[in-house]
Structure formats: structure tokens, C-alpha cells
Amino acid sequence: PRQPAKTLWYDRPRYVYLEFCVEDSRDVKVVIEDQRLVFSCKNADGVEFYNEINLYARVNSKDSREKRSDRSITCFMRKWKEKVAWPRITKENIKPAWLSVDFDNWRDWEGDEEVERAMVEQYAEV
């Protein structure tokens, strides 16, 4: 049986970030479409994780990426409309139990574009 991965998200001026918290993931598949993201993987115990998110707004799927680490898979999706805040990640105004705001990374945008650019470049190097 599949189950959703615990997911954290946060918003930035140019990108929206999602972190799927699965340790020792394998068979990772991330499909980023203009209005939807589909994530699946297995963990070391063979448990299958699956998340499907209809996105709040449109993203540029060609300028969106994911990065896997031992602890999680982070996706960063380029917003179609930059500098427009997303009040939530989901199109529907519901909050699934597995989805939370990443308050460690959530902050005001003032002067944040340089920080964001550095983060994206750091991911892109891998």
C-alpha cells in the first residue's frame, strides 16, 4: 500500500519549494507539470510513497528541478508569475495531513532575491 510522504513547502519571489521527507529514498520519480506535481519513491524498508499535488498556480515546468539527499527530495519550481505570493501550495483550499509549511525556511521576501538566487545555483551545481 502507498502512503503520502511528509511534505514541507515554502514560498519565495521566484520559486516555490517542496521537500519530501523520505530517508534513504530509491526509485525516485518526480513529474513537474505546469499545474501539478507527482512524486513517488520507496524507502529502505520498501514502503512506497506517493504524493500528487494540484498546484495553487502555474509553474514553469522546464525551469523546475529536484535534488535528492539521504534525508529528503527537494523540488524547486519556477513560478510563472514571479513576485506573486502563494498563500498555499495546493489549488484546493484544503490542507492534507501530510503537508506543512516549512517555517524554518519561510521568511519575508524583503531583499531575499540574492539569497534565493544563491540557493538555486547551489542546487543546479549538483
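1. A pocket, as used here, is an open set of grid points with protein on both sides within 12 Å along at least five of seven lines. The model is predicted. In its largest pocket lies about 160 Å³ of space.

2. The lining of this largest pocket comprises 13 residues. Closest to the centre are Trp9, Pro87, Arg88, Lys95 and Val101. By class, the lining has eight nonpolar, three polar and two charged residues. Strand E9 (residues 99-101) gives the most to it, with three residues.

3. Now the sheet. Four strands form an open sheet in the order E1-E6-E5-E4, and the pairing is mixed. Strands E1 (2-3) and E4 (26-32) stand at the edges; each has a single partner strand, so one side of each lacks a neighbour in the sheet.

4. E1 pairs with strand E6 (residues 48-54) in the parallel sense, over two bridges. Here arginine 2 has glutamate 48 of E6 as its bridge partner.

5. E4 and E5 run antiparallel and are joined by five bridges. Valine 30 is bridged to phenylalanine 39 in E5. The hairpin from E4 to E5 passes through three residues.

6. E5 and E6 are also an antiparallel pair, with seven bridges. Valine 38 has glutamate 52 in E6 as its bridge partner. Five residues separate E5 from E6 in their hairpin. In that turn, glycine 46 has a positive phi of about 85 degrees.

7. How much of strand E5 (residues 36-42) is buried? Five of its seven residues are, so with buried meaning under 20% relative accessible area, E5 counts as mostly covered.

Note on methods:
Residues are numbered from 1 along each chain as its sequence is written. This is a predicted model: local features need pLDDT of at least 70, side-chain atom pairs count only at pLDDT 80 or more; totals for chains, interfaces and linings use all residues. Side-chain values use heavy atoms; hydrogens and water are left out. Two strands pair if DSSP finds at least two bridges between them. On a 1 Å grid over the protein atoms alone, a cavity is a set of points where a 1.4 Å probe fits but cannot get out, and a pocket is an open set with protein on both sides within 12 Å along at least five of seven lines; lining residues have an atom within 4 Å of a point. Grid points are joined across faces, edges and corners, and a volume is the space filled by probe spheres set on the points. Ala, Val, Leu, Ile, Met, Phe, Trp, Tyr, Cys and Pro count as nonpolar, Asp, Glu, Lys and Arg as charged, and the others, Gly among them, as polar. Buried means under 20% relative accessible area, exposed over 50%, partly exposed in between (1.4 Å probe, protein chains only).
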